[in-house]
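Open the model in your viewer and keep the selection tool ready.

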Amino acid sequence: MGVGDGLIDNPQVSVIHGDGVVGWSVARTVRSAGFAVEVFASAEAFISSGQMPRTACLVVDVQLAGMSGLHLQSHLAAAGRHIPMVFIVSPADAKARALGLELGAVNVLNKPFGDKALLKEVCSILKPKSQGGTNGSPGSES
């Protein structure tokens, strides 16, 4: 039973963004679509939060203080946690974009991005497969 089965009414999206203002703006956008949202200031805060099992989708800024978004992605994969992830990157950071996709990110959004682009990515991950979504349950491989 999981997001891909259409059995979770309010899947959780975890947003990890070092800039509190932008992080809360992203959270507000995702929450407006009916998803539960948790915001974390760092990858380390997310890892230690206990929210990993409840997280159906991660929206992560690649450039974080401490553990970067790319390191978080590698850390989760090494631990056997395959949470669908959307990265937020600077348009000039083509290397991070390519590496994120190579490591398994569902997609990468260039800053600045609009609410519609973000919601499209999150909904494509969390929408049940029967409705055209791309993913299974939280923690499944993408």
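Start by selecting Ile16, Phe46, Leu58, Val60, Leu72, Leu76 and Phe87: of the 20 residues in the largest nonpolar core, these touch the most other members. A nonpolar core is a set of buried Ala, Val, Leu, Ile, Met, Phe, Trp, Tyr and Cys residues joined through side-chain atoms within 4.5 Å. Buried means under 20% relative accessible area, exposed over 50%, and partly exposed in between (1.4 Å probe, protein chains only). Two or more residues of this core come from each of α2 (43-49), β3 (55-61), α3 (69-78) and β4 (85-89). Helices (H or I, at least four residues) and strands (E, at least two) are DSSP runs, numbered from the N terminus.

This is a predicted model, in which local features need pLDDT of at least 70 and side-chain atom pairs count only at pLDDT 80 or more, while totals for chains, interfaces and linings use all residues. Residues are numbered from 1 along each chain as its sequence is written, and side-chain values use heavy atoms, without hydrogens and water.

Next, select Leu72. Its contacts (heavy atoms within 4.5 Å), leaving aside neighbours within four places in sequence, include Ile16, Phe46 and Val60.

Move to Ser42, in the loop between β2 (36-40) and α2. Is Ser42 buried or exposed? Ser42 is buried, because its relative accessible area is 17%. Its side chain reaches the backbone nitrogen of Ala45 at 3.0 Å.

Finally, colour by pLDDT, the predictor's confidence in each residue, from 0 to 100. The protein's mean is 82. Over residues 1-8 the pLDDT is below 50, and over residues 132-142 it stays under 50. Where pLDDT is low, the predicted coordinates should not be read in detail.

Technical notes: Polar contact = N/O pair within 3.5 Å; in protein donor to acceptor, adjacent residues only side chain to side chain.
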